[in-house]
Amino acid sequence: MCFLIINNIMITKKIAIVVLFLVTSAVLAESHISVSESWIRTAPPNAPMLGGFVNINNSSDKEIKLIQVNASGFKRIELHRTVDSNGTMKMMRQDYIPIPAHGLTKLEPGSWHIMFIGPDEVPKEGDIVMFSLVFDDGSKQMVHALVRKSMMMNHDHNSMQMNHD
Amino acid sequence: MQKKILLLTIAAFVLVFVALYFTISDSDYKYLSKNLKVSHLIYNPDKKLSSFSLIDHNNNKFENENLKDEWTVLTFIYTHCPDVCPTELMNISTLKSKIKKSNSSFMPNFVVITFDPIRDTPEILKSYVTHFDEDFLGVSGDQNQIDQLVKDFGAYYERVMYSDSGELILIPNYEKIPPEAMENGYSINHTAWVYLVNPGGQIHAGFPAPHKPNDMLEDIKLLVDNY
């Protein structure tokens, strides 16, 4: 009986160590990713799709992949990339979006983006939409994206060029 | 003899006039082509726009006559488009604001035709396009007639869907859209040009993406002034 209790304590300890290790790993991995300039483009009240954009920075030595986006209030969420193929704009669904080691991937109009499909309700300009980015290293990032017309009010010069002539 | 000389003189005048006319037209064309920043002159008087009858977002007929007597800025979109089309419509809206601010009496009409009338009914288009600018006029209607117009404008589109295993499937335009595509959704690969239609109701110039409203405005002024 005594042996069983000791054994249980040991197993519990082992589980606790494993959980602690996993939590620590997740926290450490999370620190490699930082996000900025997140926004969702305003859309007509009957828009069936919304485009989401964010800059993702990877400070680690290895490429990290964005593999999933989670949010409530949408039928589904996909990762996409707009590709100009000899003048035809192709919307290519992606299994992941790579964030290079010590690099930055910009999700922006005309390039990589998040596609929010079938919104329960189309958010209005000025609203904040929350979504979670899931990466292949096990880390997650919560994003609070402002709903706005474009990057026009943004101070990022490159992004301004995309939309603000 | 005098009659013969008179006829020869008239013939010579006609020849000189014709030669001069074509020389000037040719030089105009070259001048325009050289000075256009972001557009291509695609006006061809021998290539008329096909006869069409579509429906605008107020459920009125939209036909060739609606493109006549005034300049029109025209583009093709579909409302399930999350990236390219909204960018295009926002840029056209910015272009319109810049034309308004340029203090000229010139103001073209703005027409937005859907590639995808099956999903984009006039009612859906109205709500969608007027979100970008209240003066935009959405046009839907018969798919075959839209396809003919798409061809006339030199535009292109193709529907694509994904299978359950994630495989990309192209839906040819001549085939009926499969029920699973209607249920699960499809996207459209498409060209993203903005067109300028002249008051004769003919395609005049085309602006490929990316669209920069300032440069577009300069080209439009040049094209209109030299029409």
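A few ground rules before going on. You're looking at a predicted model, where local features need pLDDT of at least 70 and side-chain atom pairs count only at pLDDT 80 or more, while totals for chains, interfaces and linings use all residues. Residues are numbered from 1 along each chain as its sequence is written, chains are lettered from A and ligands numbered from 1 in the order in which they are written, and side-chain values use heavy atoms, with hydrogens and water left out. Helices (H or I, at least four residues) and strands (E, at least two) are DSSP runs, numbered from the N terminus.

**Stop 1: the largest cavity**

Now select A43(A), M49(A), P82(B), P86(B) and Y128(B), which lie nearest the centre of the largest cavity among its 14 lining residues. A cavity here is a set of points on a 1 Å grid over the protein atoms alone where a 1.4 Å probe fits but cannot get out, and lining residues have an atom within 4 Å of a point. The space inside is about 80 Å³, counted as what is filled by probe spheres set on the points, with grid points joined across faces, edges and corners. β2(A) gives the largest share of the lining, 3 residues.

**Stop 2: where the chains touch**

Next, show both chains together. Chain A puts 31 residues into the contact and chain B puts in 31 residues (contact means heavy atoms within 4.5 Å). About 2,500 Å² is buried between them, 56% of it from carbon and sulfur atoms; buried area is the accessible area (1.4 Å probe) that two parts lose on being put together, summed over both.

Which residue forms a salt bridge with R41(A)? Pick D83(B): the closest N and O atoms of the pair are 3.5 Å apart. On the side of chain A that touches chain B, colour β2, β4 (74-85), β5 (88-94) and β8 (112-119), as each supplies at least two residues. The largest share, 6 residues, comes from β5(A).

**Stop 3: two backbone details**

Zoom to A209(B) and P210(B), joined by a cis peptide bond with omega about 0°. P210(B) sits in the loop between β11 (203-207) and α6 (213-225) of chain B. Finish at H102(A), in the loop between β6 (97-99) and β7 (103-107) of chain A. H102(A) has a positive phi of about 50°, although it is not a glycine.

Note on methods:
On a 1 Å grid over the protein atoms alone, a cavity is a set of points where a 1.4 Å probe fits but cannot get out, and a pocket is an open set with protein on both sides within 12 Å along at least five of seven lines; lining residues have an atom within 4 Å of a point. A salt bridge is a side-chain nitrogen of Lys or Arg within 4 Å of a carboxyl oxygen of Asp or Glu.
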